[in-house]
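These are my notebook entries on a set of look-ups, kept in the order in which I made them.

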Amino acid sequence: MSGRTLYRKLWDTHVVRDYGDGSALLYVDRHLLQETSTHQSFVGLREAGRVARRTETHLAVPDHGVPTTDRSAPIADGLAAAQVEALKVNARDFGIAHIDLDDARQGIVHVIGPERGFTLPGITLACGDSHTSTHGAFGALAFGIGASDCATVVATQCLVQQRAKTLEVRLEGRPGQWVGAKDYALALIGRHGTGFATGHAIEYRGRAVDAMTMAARMTLCNMSIEAGARVGMIAPDETTFAWLEGRPHAPRGKMWEHALDYWRTLPSDGDASYDRTIELDVEGLAPQVTWGTSPQDALSIEGRVPHPDDAPDRGEAERRRRALDYMGLAAGMALQDIVIDRAFIGSCTNGRIEDLRAAADVAQGRRVSSRVRAIVVPGSTGVKRQAEAEGLDRIFLDAGFEWRHSGCSMCVAMNADRLEAGERCASTSNRNFEGRQGRGGRTHLMSPAMAAAAAIAGHLVDVREMAS
């Protein structure tokens with residue numbers, strides 16, 4: 001029998017019933033809930049008279065619609081307020097652990113899951129949010145689900161899933177200064193398109209992956225959904241174990257040792273085969289930014305906005321024309337000539353302490369451009385407190401950035417943090433679709449260091465030159 005990949009090992013150990021057609025009933029070990037995707041789930045559960053099967057395997061937290069400024073007053077947005085309250089009531093009624101808005105553990109669901117040790121190697125984890133792939137950084141089989149699926153997981157702890165093909169993404173080489181996981185992800189999507197991993201579970205491997213911190217691995221796996229995959233994974237290793245040890249929900253004592261013994265069996269076997277393999281040499285890779293309305297519109301900061309006539313086909317040429325019109329850009333202009341109005345540092349992609357440290361390194365001793373409004377939104381209250389203990393908040397405030405409470409903030413514009421029509425933002429989030437950060441808003445994706453540099457310069461800029 002040939003060796004198995006990490007994905008196949010996790011799939012096989014969670015199959016409750018194999019239907020013989022590539023689909024199976026999978027057992028779901030852990031389930032994360034947030035306020036915008038679960039209310040209808042609980043309506044359905046109540047109507048059917050169902051209860052939570054294993055309450056201890058669920059964790060609920062508000063993050064999408066929550067305010068990041070003053071939290072002493074009621075939430076101003078009526079819909080957001082109702083959603084946050086409904087999550088609290090539903091969690092209470094179904095016996096599910098709930099982290100309130102004023103709790104020291106509050107934060108973005110994909111930040112606090114790992115932070116609490118709720119995310120562990122070898123488990124299946126589901127959440128009603130597409131960027132659940134983030135948790136695959138720990139060697140978990142993690143995927144986003146819909147509202148009806150959330151109800152099914154609460155009631156049965158199982159879910160029917162289609163087995164994915166496997167895609168090995170090898171990252172080799174040693175990156176230059178100020179180049180990291182966000183640049184790798186954007187480079188991959190920019191070169192291969194937003195659908196290159198559709199129908200596949202990605203496993204990231206190679207020397208560049210081995211050298212990554214857990215924060216960087218989470219960024220990379222988070223962006224897997226933008227490549228078309230529902231699952232992005234990295235095999236657990238000593239970096240993973242060191243990061244998890246002592247976390248509140250992580251095993252302890254003898255159970256920790258037993259867990260380590262199992263987790264060390266999870267990496268793909270030496271003779272395992274993948275359905276596809278692609279490679280990226282990160283040696284010499286420049287910082288990446290997007291110019292258009294799709295993550296695949298990513299280029300080196302040294303580049304220029306492409307011309308629609310240079311597109312490989314008519315359909316892509318028309319898409320580029322629409323993107324240029326929406327973004328208010330002209331073909332051929334240098335990316336570094338693009339002037340910005342806003343800068344956003346945060347999100348489940350880049351709101352961890354390492355991300356804030358990188359941005360602070362750029363901001364220290366400098367000032368945000370007078371034409372730019374820049375905000376820093378920690379991914380969790382824990383990250384916020386750690387950053388404040390390290391003095392990062394003072395660096396940002398002294399530089400002219402706004403320092404906020406944790407939440408999804410401007411990534412998704414389901415809260416008060418959003419762009420006005422025509423405003424242009426240097427953003428560390430994951431999507432640059434039309435209206436993603438606010439109706440008519442224009443988004444350029446990049447790393448935290450690049451976003452901080454753009455905020456200071458007032459336009460897109462190569463951080464390697466500014467911070468050299």
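Predicted model: local features only at pLDDT ≥ 70, side-chain atom pairs only at ≥ 80, totals over all residues.

**Entry 1**

Residues are numbered from 1 along each chain as its sequence is written, and side-chain values use heavy atoms, with hydrogens and water left out.

Which residue forms a salt bridge with Arg8? I found Asp12, with the closest N and O atoms 2.8 Å apart. My criterion for a salt bridge was a side-chain nitrogen of Lys or Arg within 4 Å of a carboxyl oxygen of Asp or Glu. Both Arg8 and Asp12 lie in helix 1 (residues 6-14), four residues apart, about one turn of the helix. I took helices (H or I, at least four residues) and strands (E, at least two) as DSSP runs, numbered from the N terminus.

Asp12 also meets the side chain of Arg4 in a salt bridge, at 3.0 Å from N to O. Arg4 is partly exposed at 29%, and Asp12 is partly exposed at 28%.

I then traced Lys9, whose side chain forms a salt bridge with that of Asp269 (2.9 Å, N to O). Lys9 lies in helix 1 and Asp269 in the loop between helix 10 and strand 12 (276-281), so this pair ties together parts that are 260 residues apart in sequence. Lys9 is buried at 7% relative accessibility, whereas Asp269 is partly exposed at 28%.

How many salt bridges does a search of the whole structure find? I recorded 31. A network of them links Glu168, Arg170, Glu172, Glu203, Arg205 and Arg207.

I followed an open sheet of five strands, with the order 5-4-3-6-7 and parallel pairing. Strand 5 (97-98) and strand 7 (141-144) stand at the edges with a single partner strand each, so one side of each has no neighbour in the sheet. Two strands were taken to pair if DSSP finds at least two bridges between them. Strand 3 (residues 30-33) and strand 4 (residues 58-60) are joined in the parallel sense by three bridges. His31 has His58, in strand 4, as its bridge partner.

**Entry 1: helix 4**

I checked the cover of helix 4 (residues 109-116) and found seven of its eight residues buried. Among them are Val109, Ile112 and Glu115.

**Entry 2: Trp256**

I located Trp256 in helix 10 (residues 253-263), where it is buried at 6% relative accessibility. Leaving aside residues up to four places away in sequence, Trp256 touches Phe241, Leu244, Glu245, Ala250, Pro251 and Trp263, contact meaning heavy atoms within 4.5 Å.

**Entry 3: cysteines**

I searched for disulfides, meaning pairs of cysteine sulfur atoms within 2.5 Å, and the count was zero. For Cys408, the nearest cysteine sulfur is that of Cys411, 6.4 Å away. Cys408 is buried at 8%. The sulfur of Cys425 is 10 Å from the closest cysteine sulfur, in Cys411, which is too far for a bond. Cys425 is buried, at 0%.

Conventions
Buried < 20%, exposed > 50% of the residue type's maximum accessible area, 1.4 Å probe, protein only.
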